[in-house]
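Please read it with the structure open.

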Amino acid sequence: MVPSSPNPLSSSIAAFDLLNSDIRTPGIFLIYMISAATFCCSLVVDTMNDCSSGQQNTSSYSRIISSRHNRPPTSVPICTHSTHLFPPKPEEAQQSAPMGESTTTALDGNQLIAKALARFGVDHMFGVVGIPVTSLANRAVSLGVRFIAFHNEQSAGYAASAYGYLTGRPGVLLTVSGPGCVHGLAGLSNAMTNAWPMVMISGSCDQKDFGRGDFQELDQIAAVEPFSKFSAKAKSIKEIPDCVFQALAEAGSGRPGGCYLDFPSDVLHQTISEAEAESLLATAADKFGESESEKVLKVQNSQIDEAVSLLRHAERPLIVFGKGAAFARAENELGKLVERTGIPFLPTPMGKGLLPDTHELAATAARSLAIGKCDVALVVGARLNWLLHFGEPPKWSKDVKFILVDVSKEEIELRKPHLGLVGDAKLVLEKINLGIKDDPFCLGRSHSWVAAISSKVKDNVSKMEAQLAKEVVPFNFLTPMKIIRDAIAGLGSPAPILVSEGANTMDVGRSVLVQTEPRTRLDAGTWGTMGVGLGYCIAAAVASPDRLVVAVEGDSGFGFSAMEVETLVRYQLPVVVIVFNNGGVYGGDRRSPDEISGPYKDDPAPTSFIPNAGYHTLIEAFGGKGYLVGTPEELKSAISESFSARKPAVINVVIDPYAGAESGRLQHKN
Ligand SMILES: Cc1ncc(C[n+]2csc(CCOP(=O)(O)OP(=O)(O)O)c2C)c(N)n1
Ligand SMILES: [Mg+2]
């Protein structure tokens, strides 16, 4: 234990004024036996209900749908078929095809879901298989959908959410029922919070056994409700195409977010003729295809005129943008606006790179001045939440006029800006640019506001560079961060995707590491979520195969998903994970001895992990490359070798356990 003392790092970082962000059990055999018996009974019952007679029941089996978009549930003709508890082999599927139809063309629920996903354009799925979804994963693979198999649904869910962000198309997570679905909620809620498109698909227990304590039974529709913008349960095979298409379309429409699909085990094993499947897929594609992905633009020309006028007449204008603008791929329009008007800009953490951090109008290193003194702030695809101090004094001036550009009307109603522009960031910026083009204005370098910001930036950057110039061993955070920064810069374009989590590690990294290309930074995000790291790395590597992925993570942050290093090695992904190992959450034990008493006072501190843990050996256990480094030379050599190899690697960087601060830069929230 050490007495608390003022932290040299926090004061030097404070000077550099940057954005704060932020069973299988032995009993399974018994279950199989019971399941097999149930299967025989249900076959008899279901055969009586078989729709080969052409009868349909549309009243009592309508699909369970919950949508925050108030879309009226679509009534789907329902047909119950014989149920299987195990994935039918092709020949079994043929046997269970309804009488009178060709026995060579029957599809089961797994195949139909896979077809619907592939037809919608899903190319990757992330997840953990098991009862009842293993066959679904295999069916999808057979149709060209790559399945990335994880150790834990949390990581797979984070991967799906980041994949949605990076590609602009919903990332898909597959989980088993009950506990798998619960683990997946981590990813689903992360997608909702970050406004990233994602669909979680879970198998669920047999419908006729629900409520009787079935294997991994859970009311999954109720469980996902707080974390999804839309959810649906297919209660019959015929409902599958509509459910899949609608969920995928909803995930990306309006404000993107998480959607959920529930497929009971019996539905996965029902069968349908190929002809009928094709017709249902075509209908679903018609209903939920293109129209859902239309971009939102609900602004009047007069509002655009007002926005232009506010910017034109502002004395101290500022453009703030976030990951909503990154998701909308608004970089070109932002670039035009900044070049044309000469207005300084400030990205939020994941907005970094939309315009290069090195741009002369980047106000990142003068953040307090920029937000504290601006009189008009155009905020694009960024929420005025805690990350932006709610847009309130004392961080912002009380007279600042906000022009908010957001895809969600509700967000604008919540923040009550001076002017709200509802629409996709790229489309709204196009209109603003057009509005300015006819009567252009530009502040210019000598404008007092631009000059004040640029002078503050120069001042803070030179203070930071002076800190970075010192080689401190045992490592503080700055010395290794500078080495990483320079190595990344040396790679040029395409820039690597940077993944970052941790407290001190992420805070310092955000200040020091430079982003020059859009969507090249993934971090703990709006929720400050630890554990996203490896899932994000995997998503980034498969979404952008031309880019190296570099993760810079605290040892605690890394530990949340560290087993996924095996996944990196299994798929041979070009990911280098650099772990800042300071022996725990924020580093060493900072409690004073008189602070702790009682029978467990000699236990390790809640913040402490095993000192000098051999994190690099984790990846070696699976055949990946591990490095243990403690000096600048060792770090440079490990980085140079692993960056060129483009193979999975973990660099374990030993950091002084007392170099950081408790809660990093969020001590005021502690
Ligand atoms: C899911 C989740 N659990 C717990 C936390 C609380 N928390 C914030 S930062 C952090 C880890 C900080 O330690 P480390 O990653 O080693 O970074 P360091 O400050 O040591 O560089 C934790 C556990 C969180 N943000 N998210
Ligand atoms: Mg740590």
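Predicted model: local features only at pLDDT ≥ 70, side-chain atom pairs only at ≥ 80, totals over all residues.

1. Residues are numbered from 1 along each chain as its sequence is written, while chains are lettered from A and ligands numbered from 1 in the order in which they are written.

2. One open sheet has five strands in the order 11-10-12-13-14, with parallel pairing. Helices (H or I, at least four residues) and strands (E, at least two) are DSSP runs, numbered from the N terminus, and two strands pair if DSSP finds at least two bridges between them. Strand 11 (345-347) and strand 14 (419-422) each have a single partner strand, so one side of each is left without a neighbour in the sheet. From one strand to the next, the twist averages 15 degrees. Axes are lines fitted to C-alpha atoms, for helices over the stretch in contact, and angles run from 0 to 180 degrees between N-to-C directions.

3. Within this sheet, five bridges join strand 10 (residues 317-321) to strand 12 (residues 376-380) in the parallel sense. Ile-319 has Leu-378 of strand 12 as its bridge partner. Helix 12 (residues 301-313) packs on the sheet, touching strand 10, strand 12, strand 13 (401-406) and strand 14. Contact here requires C-beta atoms, placed from the backbone, to lie within 7 Å. The direction of helix 12 makes about 130 degrees with that of strand 14.

4. A second open sheet, also parallel in its pairing, has six strands in the order 16-15-17-18-20-19. Strand 16 (521-523) and strand 19 (625-629) are its edge strands, each pairing on one side only. Six bridges link strand 17 (residues 549-554) with strand 18 (residues 575-581), and Val-549 is partnered by Val-575 in strand 18.

5. Which residues come nearest to ligand 1? Of the 19 residues around the ligand (C-beta atom, placed from the backbone, within 6 Å), they are Gly-502, Ala-503, Gly-554, Ser-556 and Gly-557. Helix 20 (504-512) and helix 22 (555-559) are the elements giving two or more residues to the shell; helix 22 has the largest share, three residues.

6. Pro-494 lies in the loop between helix 19 (478-491) and strand 15 (497-501). Is Pro-494 buried or exposed? Pro-494 counts as exposed because it has 12 C-beta neighbours inside 10 Å; the cut-offs are 12 or fewer for exposed, 20 or more for buried, and partly exposed in between, with C-beta atoms placed from the backbone. Leaving out residues up to four places away in sequence, Pro-494 touches Glu-517, Asp-546 and Arg-547.

Methods. Contact = placed C-beta atoms within 7 Å.
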